[in-house]
Every structure is written in C-alpha cells, then in structure tokens.
Amino acid sequence: MKRTVGEMLVRSGIRLPLFLWSLAVLYPIFWMFLGAFKTNAEIYANPWGFPEQFNFDNFVTAWTDYNIDTSVFNSLIVTAVGAILCLVLAIPTAYALERIRFKGSQLLFTLYISAMMIPMVLGWIPLFFLLAQFNLLDNIFGLAIVYAISQLPFTIFVLTSFMGTIPKSLEESAAIDGMSPYGVLWKIVTPLTMSGIITVTIMNAIQFWNEYFMALIFLQSSENYTLALAIDFISNEAQYTNAWGVLFASLVFAIVPVIILYSIFQRRITKGMTEGAIKG
Amino acid sequence: MVQSKKQKYLFLAFCLIPTFIMFSIFTLYPLFSGLYYSFFEWSGASQTREFVGFDNYTRLFNDGIIPATIWHDYFLVITKVIGIMIMALFIAVALTQLKIKEAPFYRIIFFFPNIMSVVVIGILWTFIYNPNLGLVNSGLEAIGLENWTRPWLGSETWALPSLVLPSIWAGIGLFMLLLMGGIANISKSNYEAARIDGANEWQQFWHVTLPLIWPQIKISILYIVITTLNGSFIIVQVMTGGGPNNSTHVMGSYLYQQAFNQYNFGYGATIGVMILVISLITVILLQFLLRREKVEY
C-alpha cells in the first residue's frame, strides 16, 4: 500500500511538469487567436484574457488595408511552385542514385547530403547578385527557385530512402515487357514512391510557407512580400500604428494552414523530420 | 534491364544533369563565389568592385564586434543544448517509461512549435517579454516579484538570455521524438535484468536507458549545434535585430547588417567564410568529443 502511494506521488511529480509545459506551448498560441478578435483598447486593458465579444474586424482590416490578401497569394504561389519544382528535380536524381550503378554515384550522393550541413548564409550574397542578373530579384518565382534548390538535398535524401524499399522485380518485369527506363520511372517508380513524395512535399511546403530570411533578402517591394515578410513589416510598424489586433489576425492567417496540415498529416511530418535529422 | 550502354547513359544524363546544373548554379556557385567575394571591397555596383587581398580578413580580426558575435552564437549553442537535452530527455523518458494515457496528446502538442514559422514564434515571444503587457512581467508582479520585472529584450544584459527560452520552446519537440525512438528500441529484457540486479528506476535510467540511447543523444546534440550556428540569426533578426547596442548580434545577423544594410558585400562575404569555418571546426571537434564506445548488452 505504502509503495503505491509513493508511486502515485512520483507519477504526479512527473505529470505536473508535463502538464505545465503543455500549457506553456498551447497558451501563447491560443492567446494569439484571442488577440485577433480583440480591439486595441481591449488588448491594452486586458492583454491575456478573453475578448468581450468576438469581432472579425481585425481580419477584414488586415486582408484589405494591410495587403495580407496579396501576400497570402504570393506565399501560396511560392510554396506551390517551390514544392513542385523541388520534386521535378529530385525524383529523377533520387532514382538514378538509388537504382542505377555508375561511377561517382556515391560521391554525388555525398555531395548533395553534405550540402544539408553547410551554412548557406555565405552563398546568399552571391545569390543576391545572381538573381539580379537573371532578373529574378524581387520576384516570387526567383524566390521559389531558390527555395526549391535549398530543399533539394533533403528531398533527394528522403526519396532515395523511400525508393530503396521498392522491390526491384517490378521495374525488371516492366523493362522485360519493353517499357523504356523513362516509362519505368514515371509509371512504376513514381506511383510506388507516392507515400514518400507526399511526406517530403508536405514538409517542404510548410518550410516554404514559413520561410522568412531568404524572402527578406531576395524580395524588396511590398507587392511581392510573402506572408512572413508582410507580418514582420506590420510588426515593425505596430509600435507607431498600434495595429496590434491586425498583427494578431495576420499571424492567424500564417499559422492556420500549418495547423490544418499538421492535424491531417501529423504522423508523416513527425516521422519525416526525425528521419531527416538522424541522417542529416 | 536489357538496354544498350548508350541508352543507359542517356537516361542517366536525363536524370542527373538538369538537377545538378540547377544545384550548381544556386548552391555550389554561390558558396564558392562567396569565398571569392571575400577578397574584394564591394558596395554592390559592379564598377566599384576592387580587389583588396586579405584586407577584409585583417578587418575581421580587428573588428571589436566579431568576438562578441561569436560568443553570442556559442552562448546560444551551449544554453540550447543543455536546455533542450535535459527537457527533451525528461519528456521522452516520462512519455515512454511511465504508462501515461495522455502521452500521445503531449507528443502531438510538444512537437507543434517545431513547424511554426520563426516569424510567428519571434513575434509571440516579443509580446511575452513586452515590458508593460507581457506575460513574464505580469506573472512576476502577480507572485510579488515586482523588482524582478525588466524590459527583457530592451536590456543589454538580458536580451540575449531572453532569446534562449523561445529557441528551447520551439526546439524540444523534434529531439523528444528522436530520443523516444531510441528508447522504444531498447529491449525490455535489459530492464528486467537490471531489476533482478536490484537497480531502482533512477539507476535503470542512468545505467540502461542513457548508454543505450547515446547514439540518439549524440545526433541530437550535433543537430542542435549545427542548426544553431547556421540559423540562430533568424530568431535574432525577428526579435531584436541584433540590438540593443549590438548586444544580441550573432555572426549571421552581423553578416546581414554589414552586407544588406550597409552594403559592405565583400566584408559580409568574409563574415560568411568565418561562419563556414567556425561551424565546420565545431562539428568536427564535437564529433571527436562525443566519440564513445558503442554499448551493447
């Protein structure tokens, strides 16, 4: 009996920090949502409590007066183009590295993988001038290309490990039936790797949607701002404009798609990220 | 596969070359060219680029802010490694060893900040630290510690330590999962053997769990160090911009300021080379330090 009491004490002693940390994670996020429904007066008077009534004015103001509509659209384009381009470039390379024996295959794989560990900040200065030469500076498609290439090593890495699990016999029999290697890649390997493709694409999309620093360097005019940049801008101006409610509303715009993706694909995202970290 | 050599190489070229060209243009070329730029004095306009040899490097060694930025980076590295590893290890053990029925809920919640945008995290925490409205100061007042309240991010002493908590808050989830994966792979018989030998739970943790998840711990530490040295400037940029009075500048944010605010692109590239060298040396040293015989029972 005494022992079980002691055990219960230990257990609650361990449960309490877990509970407190979950509050520490959830409350700021929850509070951000509440803030989006408050008027400025309420934010000052009662910063951490519930709003008296939920009004959507902040969302409307952010959307219409603070160009959030344009930046949501820009972020969607950058995310979609970046994710698709990354796949188009990564799938054939991942397949060749995983399945075809050729000289230098290991070297090429190592080159891509080690790029995951290199601080890219050194490359951003020349990249800035390179994009300017290609007329891709201050251009969301230029940013999408940069994003796609930045996630290329990670994508290749994840896809090769997924392709390694496909039995070779399927490809071999398709080749015997006269299918070209291009056909095998497109009609056999790609569908069979779909699970890996979906996992890596969700992770890339979240990455691109959230990204801030490269956007800060490579975009300049406000009509090209992605959501992260637009929010940063509103935040920096807020000390003069006092548009705190608008700031919270735009943070909500930024986080809701991530919450939705996470609630649908939670397992894929966590698995993909832990595996990426283990090898990377 | 039945096909000629020529066809095979054509297919190989189709698979590899376009990707490699893009990778070379947007990753390899900028890295090497960054190295090259570090030997020039350059304000951005192409006519004014002037070869200056090692002048930028001399300037780097005489720049009083540089040692501070390196120290700030390492301060973040050390505090993050300690904070994240202790908390992630505690959570991972608690969620796997004790049969808590709400464990999956905690797992999902604790991971979420890992996929939040740095901008969102930074702005949220700027509010939490806000001197008048913020949670930290209101909390301290509520428990009667008024004289502990301070303008956290506005104080030269406290701004840098204040950046640690958001980084830990946002980082724990991934390492919790990594360690949980390691613990799940430990076979039950190890614990049974330890129990028969009379080991209590604490001894079991110390002599069974910890040595057997050493590979995961090592990977986690390396990963935290690399991501911090290569990316700490992002949260710095969002939350303090390097201020007040340079007290939170890390190497990357100083590079950004030199290159993209003050248009010293050559000097910025030199700082970039320094970041590359420092992060490579750190990783190699760390791998050497963390070497430990693989334990098998």
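1. A quick definition to start: a residue is buried if 20 or more other C-beta atoms lie within 10 Å of its own, exposed if 12 or fewer, and partly exposed in between, with C-beta atoms placed from the backbone. With 19 C-beta neighbours inside 10 Å, A:N67 therefore counts as partly exposed. Its phi is near 60°, a positive value in a residue other than glycine. A:N67 is found in the loop between helix 3 (57-65) and helix 4 (68-99) of chain A; helices here are DSSP runs (H or I, at least four residues), strands are E runs of at least two, and both are numbered from the N terminus.

2. Before going on: this is a predicted model, where local features need pLDDT of at least 70, side-chain atom pairs count only at pLDDT 80 or more, and totals for chains, interfaces and linings use all residues. Residues are numbered from 1 along each chain as its sequence is written, and chains are lettered from A and ligands numbered from 1 in the order in which they are written.

3. Look for B:N246 in the loop between helix 10 (214-239) and helix 11 (251-261) of chain B. B:N246 counts as partly exposed because 16 C-beta neighbours fall inside 10 Å. For context, most residues other than glycine have a negative phi.

4. On chain B overall, the secondary structure comes to twelve helices and two strands, and the order along the sequence is α-β-β-α-α-α-α-α-α-α-α-α-α-α. Its C-alpha trace spans about 80 × 75 × 30 Å along the principal axes. Of its 297 residues, 40% count as buried.

5. Now the contact between the chains: 68 residues come from chain B and 60 residues from chain A, where contact means C-beta atoms, placed from the backbone, within 7 Å. Helix 1 (residues 5-37) of chain B gives the largest share of the chain B side, 16 residues. That chain B side divides into 53 nonpolar, 15 polar and no charged residues. Here Ala, Val, Leu, Ile, Met, Phe, Trp, Tyr, Cys and Pro count as nonpolar, Asp, Glu, Lys and Arg as charged, and the others, Gly among them, as polar.

6. Chain A is assigned domain 1 (2-45) and domain 2 (68-279), with bounds from an automatic or database domain assignment. Their C-alpha centres lie 34 Å apart. The contact between them takes eight residues from domain 1 and seven residues from domain 2.

Notes:
Contact = placed C-beta atoms within 7 Å.
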